[in-house]
Amino acid sequence: MHGRDNVLAVPTAMVAQPALLDIERRVQELCLRYAEQLPFHGWHHVRFVRDKAVDFAEQNGANVSVVTAAALLHDVNYLVRKNSPAAAGTDLRLGVLAEVGVPAETADWIDRIIGEAEMRNRHRDISLEAQALSDADTLYKALPITPVLLAHRYLEENGVSLPELAQKILSEQQGVQEAGYYFYNAEAAARYTQWARANLRLWQCIAESLDDPSVLELVAALEPVAEGAAAG
Ligand SMILES: [Fe+2]
């Protein structure tokens, strides 16, 4: 577990409960209105990540209300642009936070936490708030049900092919697993690392299978969405 090394430099503001409820209502409404664009990152994902992030924040001593707001808003970039980084959602995120009365300094902190927790950017010494958010979002990726029930939804939502998704998962996740901070929470690591290992092994096998031209041909026949995106 990594402590709060620079405690004096970290903001300590809270997000009031009415504001959190307002953020939740607004994000849920956006997710439901644009549900067809969000088969992977829709309300089902946001709710799971919020619930787990709150659990992890309560365990590691992070600011729970700030983590809750960050979890609710962490993936609004997918409403702005498909297959985008978290930063693409900053304006929308800060707009929602301003509308519900969260001070600009706290809103900027929430946005920074989301950037810190992003799989492609995160490192061993991110803040406790980012650790709680990261563990929740990473757990969703590592769930045994995700490749079965959700991977095809990711392809559809983001217009990527199966080889591209396999490459993304392996390039982003193998390094952090080998470096030992796939999960920051020790209990989560003890409980879920075997799922993460099985998941990454599966994606290694998928990548290997795609070296076979017959498998590639099979995948192309099953992937009209990704093919269309590639052609377009
Ligand atoms: Fe997410």
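Let me begin with Ala196, which has 21 C-beta neighbours inside 10 Å and therefore counts as buried, since the threshold for that label is 20 or more. This residue lies in helix H10. Please keep in mind throughout that the model is predicted.

Which residues does Ala196 touch, leaving aside those up to four places away in sequence? They are Ala142, Gln177 and Tyr182. By contrast, 28 Å separates the C-alpha atom of Ala196 from that of Ser65, a residue 131 positions away along the chain.

Let us now take helix H10 as a whole. Its 24 residues should span 34 Å at 1.5 Å a residue, and because the end C-alpha atoms are 34 Å apart, the expectation and the model agree. An α-helix has 3.6 residues a turn, so residues three or four places apart point the same way.

Beyond four places in sequence, Ile110 touches Val66, Ala69, Ala70, Leu73 and Leu97. In the largest nonpolar core, which has 46 residues, the members touching the most others are Ile110, Ala70, Leu73 and Leu133. Two or more residues of this core come from each of helix H1 (17-33), helix H2 (43-60), H3, H5, H6, H7 and helix H10 (186-209). Another core lies apart from this one; it has seven residues, including Val160, Leu162, Ala166 and Ile169. In soluble globular proteins, nonpolar side chains tend to be buried together.

Finally, how confident is the predictor? The mean pLDDT of the protein chain is 92, with 91% of its residues at 70 or more. Over residues 226-232, however, pLDDT stays under 50, and the model has seven contacts beyond four places in sequence for that stretch.

Definitions and conventions: Residues numbered from 1 in each chain as written. Predicted model: local features only at pLDDT ≥ 70, side-chain atom pairs only at ≥ 80, totals over all residues. pLDDT = per-residue confidence, 0-100. Contact = placed C-beta atoms within 7 Å. Core = buried A, V, L, I, M, F, W, Y, C linked by C-beta atoms within 7 Å. Buried ≥ 20, exposed ≤ 12 C-beta atoms within 10 Å, placed from the backbone. Helix = DSSP H or I, 4+ residues; strand = E, 2+ residues; numbered from the N terminus. Expected span 1.5 Å × (residues − 1).
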